[in-house]
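Here are a few notes to read with the structure open beside you. Find each spot as we go.

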Amino acid sequence: ARGTAKTTLFMEYMVLYLAMFGVLPNFGIVSGLLYVSDSMDNGVKSARNSIEFRYNNSEFLQYWLPKARFTENYIEFENRSGHKLGVKMFGAKTGIRGTKIFGKRPVLAIMDDLVSDEDAESKAAMDKIKSTVFSGIQYAMDPTRYKMILNGTPFNKNDVVYEAIESGAWDVNVWPVCEKFPCTREEFRSCWPDRFTFDYVSAVY
């Protein structure tokens, strides 16, 4: 579902968590991360600005992450223990090959809302995005240890998220806006009751 804070969790909080602690549970140390969104001017810019705003307005983060650097397509943090995290950011239709962070291939890739409204209507754009996901990103990662997270709400059955789900090659989690619909008000169970009420879902439906 849209509006369930996927980008907040998988980009903003994930980056700050890894900058603070340096380790992803059950995976290991993360020093290099790729972030790919629909475009540099939309998804990438928005995510970078959000992280920069959170950092600049948090004494807690500034204490535990005394060094921070923000550019148009790169974020770098160093925590109080000296661990560094570098985040390189790309638009979904740009080249990603040959990417290194601190002289090494990144081990984690976050692909977030790769398809814009405009891209959803263009077969050429969709093919380019699919090439990025299924060919470009994997080969830009560390060949011995990597994790790719594809995060988004599909536009239609030609969407890269649908294709990934149906390929059987990915571990899939799906979060619908509610347990079932249509249903009665009494039967209604929302994924986020404060935000997605029965009346809201009814109106959208």
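1. Start with a pairing: strand β3, residues 32–37, runs parallel to β7, and four bridges join the two. Keep in mind that this is a predicted model. To find your way into this pair, look for Tyr 35, whose bridge partner in β7 is Ile 110.

2. Now look at another partner of β7. Strand β8 (residues 147–151) is joined to β7 by five bridges, and these two strands run parallel. A handy pair to click on here is Ala 109, which stands opposite Met 148 in β8.

3. Next, step back to the loop between β6 (84–91) and β7 (108–112), where you'll find Thr 99. Is Thr 99 buried or exposed? Its relative accessibility is 5%, so it counts as buried, given that the cut-off for buried is under 20%.

4. What does Thr 99 touch? Leaving aside neighbours within four places in sequence, Thr 99 is in contact with Leu 34, Lys 88, Phe 90, Lys 104, Arg 105, Pro 106 and Ala 140.

5. One last thing to zoom in on: a polar atom of the Thr 99 side chain lies 2.6 Å from the backbone oxygen of Ile 96.

How values were computed:
Residues are numbered from 1 along each chain as its sequence is written. This is a predicted model: local features need pLDDT of at least 70, side-chain atom pairs count only at pLDDT 80 or more; totals for chains, interfaces and linings use all residues. Side-chain values use heavy atoms; hydrogens and water are left out. Buried means under 20% relative accessible area, exposed over 50%, partly exposed in between (1.4 Å probe, protein chains only). A polar contact is a pair of N or O atoms within 3.5 Å; within protein, one must be able to donate a hydrogen and the other to accept it, and residues adjacent in sequence count only if both atoms are side-chain atoms. Contact means heavy atoms within 4.5 Å. Two strands pair if DSSP finds at least two bridges between them.
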